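Colleague: Before we look at this together, could you help me understand the words used to describe a model like this one?
Modeller: Gladly; let us take the terms one at a time and set each against its definition.

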Amino acid sequence: MRHEVTDDDTARALGSGEIEVLGTPRLLAWLEGATVEAAEPLLADGETTVGTGVRIRHRRPTRVGGRIEVTAELRERDGAKLSFTVKAEDGDGQVVGDGEIDRAVVDVATFGQ
């Protein structure tokens, strides 16, 4: 998944800092979105996933206008638990963020009842 950093994606706009660079909350949302997409082929009809754990590192700043490529690869499946390795790279191939995100497979009709 590719994204371009906008003013709305900055730490200042998201309330997570005072600098006009990619905010960690947006980076996390993009990485989590990549796990949702990567999980889709693993699901049966009526199933979805929910996030259950996050361990990421935001390694370097990205200015407004910078491009970010995010990827997620399934690292392990243990029953309903899916663990992904995630990575975000900038247009120069530098690692902006990386880590692991866990998701759980749930039944859409009965989850939260």
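Modeller: Two strands are said to pair if DSSP finds at least two bridges between them, and a strand is itself a DSSP run of at least two residues. Please keep in mind that this is a predicted model.

Colleague: What makes β4 and β5 a pair?
Modeller: Nine bridges join β4, residues 81-90, to β5, residues 95-107, and because the definition asks for at least two, the two strands count as paired, in the antiparallel sense. Within this pair, Glu 89 stands opposite Val 95, while Lys 87 faces Asp 98. In the hairpin that these strands form, four residues lie between them, and Gly 93 there has a positive phi near 80°.

Colleague: How do you know that β3 and β4 pair?
Modeller: Ten bridges connect β3 and β4 in the antiparallel sense, and since at least two are needed, they qualify as well. Here Arg 77 stands opposite Leu 82 of β4.

Colleague: Why are β1 and β2 said to stand at the edges?
Modeller: The open sheet has five strands in the order β1-β3-β4-β5-β2. β1 and β2 each have a single partner strand, so one side of each is left without a neighbour in the sheet.

Note on methods
Residues numbered from 1 in each chain as written. Predicted model: local features only at pLDDT ≥ 70, side-chain atom pairs only at ≥ 80, totals over all residues. Heavy atoms only, no water.
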